[in-house]
Amino acid sequence: MQTPYYLIDKSRLLPNLEKIATLREASGAKALLALKCFATWSVFDLMAEYMDGTTSSSLFEVKLGRDKFPGETHAYSVAWAPDEIEEVLAASDKVIFNTAQQLVRFEDVSRDHMRGLRVNPGVSTSTFDLADPARPFSRLGEHDPADIAPVAELISGFMFHNNCENDSFARFDEMLGQIEARFGHLIRRMEWISLGGGIHFTGEGYPLDQLAERLKRFAGENEVQVYLEPGEAAITNSTTLELTVLDTMFNGKNLAIVDSSIEAHMLDLLIYRESAKMDESGDEEWMICGKSCLAGDIFGTFRFPKALKPGDRISIQDAAGYTMVKKNWFNGVQMPGIAIRETDGSERLVRSFSYDDFAAALS
């Protein structure tokens with residue numbers, strides 16, 4: 001297949017899904033795929049065998065979840081617009097409001113719907129201010145129990161989302177204890193609680209049994225149905241971004257220019273100043289550069305067994321999360337296709353993009 005393209009490998013996706021299934025069985029918690037991280041619906045048929053549905057951040061994600069993923073469809077947004085709330089309700093099983101004011105504003109129209117409220121516990125595991133839901137002056141959820149109590153009878157559940165790439169069970173346990181201490185009297189009035197995503201429980205060595213026991217205990221003591229919203233945890237290490245070297249040069253370092261761009265195809269690398277991941281070997285050190293005009297369009301510096309040359313293929317690892325949902329047409333760079341490797345090893349292209357798609361995105 002012509003590069004660039006994202007290659008989703010089902011045999012690498014399955015171990016994550018199997019861990020999700022194990023946690024569901026042991027804890028009683030339900031798992032909803034967070035579409036803000038991964039929304040490539042061509043593999044939803046497989047994922048639906050191991051998960052309970054989807055959760056969203058917008059009207060379009062709600063509709064995609066309803067159309068493409070069997071099971072429950074949870075609808076959350078930082079703010080619902082009046083002209084979209086009817087569609088949101090029609091396409092969802094639960095609607096979650098970000099503030100008490102939004103809940104009250106849409107109380108009449110949503111009265112016959114299952115409703116929830118986002119709660120900001122004021123603690124998180126984010127180490128980057130841009131992604132920290134508990135940052136000062138955060139707009140993400142109600143933070144004061146005194147503001148929540150007057151509307152508690154209008155809802156049946158809460159959503160807490162304060163974990164971010166958290167691979168520490170001890171830290172998760174500590175924060176959940178803080179949530180119980182501050183909001184327990186309100187939690188016990190609810191029927192369901194979502195603890196959001198960002199818990200890296202499919203990672204190597206994570207104590208899945210301890211997490212299951214803690215979730216089961218939380219659900220039992222508070223008499224609630226627990227939901228988790230895995231995004232990265234569901235698809236980590238499942239996908240590569242397949243690239244081709246177009247040109248090489250030397251300017252104090254060996255540089256290889258590829259047919260892709262972090263600005264357009266792996267935007268989180270640019271936002272969080274991170275390097276891409278690659279399987280490395282050898283002593284040849286090369287900086288892998290994107291083809292856009294952005295000076296800092298750099299995937300990172302990696303080791304190779306021999307000098308790179310035009311035509312060589314490169315595979316960027318762990319390229320599923322926050323990539324396909326964020327890809328864009330910056331510089332008119334060719335947007336990567338999307339391919340799937342089946343468990344038998346066969347590969348098929350499920351989506352490609354053309355000039356017509358580029359032109360259609362503009363006016």
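1. H74 is found in strand β4, residues 72-76 (helices are DSSP runs of H or I with at least four residues, strands are runs of E with at least two, and both are numbered from the N terminus). Its side chain makes a polar contact with the side chain of E72 at 3.0 Å (a pair of N or O atoms within 3.5 Å; within protein, one must be able to donate a hydrogen and the other to accept it, and residues adjacent in sequence count only if both atoms are side-chain atoms). Not counting residues up to four places away in sequence, H74 touches L32, T54, T55, S56, K94, I96 and Y227 (contact means heavy atoms within 4.5 Å).

2. A word on conventions. Residues are numbered from 1 along each chain as its sequence is written, and side-chain values use heavy atoms, with hydrogens and water left out. As the model is predicted, local features need pLDDT of at least 70 and side-chain atom pairs count only at pLDDT 80 or more, while totals for chains, interfaces and linings use all residues.

3. Now the cores. The largest nonpolar core has 92 residues, and F38, M47, M51, F158, F201, I288 and F299 touch the most other members (a core is a set of buried Ala, Val, Leu, Ile, Met, Phe, Trp, Tyr and Cys residues joined through side-chain atoms within 4.5 Å). Helix α7, residues 169-187, gives the largest share of this core, 7 residues. A second, separate core of 7 residues includes L32, I96, M159 and Y227. L32, I96 and Y227 are also among the residues that H74 touches. Leaving aside neighbours within four places in sequence, M51 is in contact with residues including L17, L32, F69 and P230.

4. Two strand pairings deserve a look. Strand β6 (residues 114-119) is largely enclosed by the rest of the structure, because 5 of its 6 residues are buried. Strand β5 (residues 94-97) pairs with β6 in the parallel sense over 4 bridges (strands pair if DSSP finds at least two bridges between them), and V95 has R115 as its bridge partner in β6. Strands β10 (residues 239-250) and β14 run antiparallel and are joined by 4 bridges, with I314 of β14 as the bridge partner of L243. In β14 (residues 313-316), I314 and I316 form the covered face, whereas R313 and S315 form the uncovered one. Side chains in a regular strand alternate between the two faces of the sheet.

5. H265 sits in helix α10, residues 262-265, and counts as buried because its relative accessibility is 0%. The H265 side chain reaches the backbone oxygen of Q334 at 3.3 Å. Beyond residues up to four places away in sequence, H265 touches Y6, L241, S260, T323, V333, Q334, M335 and P336.

6. Finally, a partly exposed site. Which loop holds A79? A79 lies in the loop between β4 and α4 (85-91), and at 45% relative accessibility A79 counts as partly exposed.

Conventions
Buried < 20%, exposed > 50% of the residue type's maximum accessible area, 1.4 Å probe, protein only.
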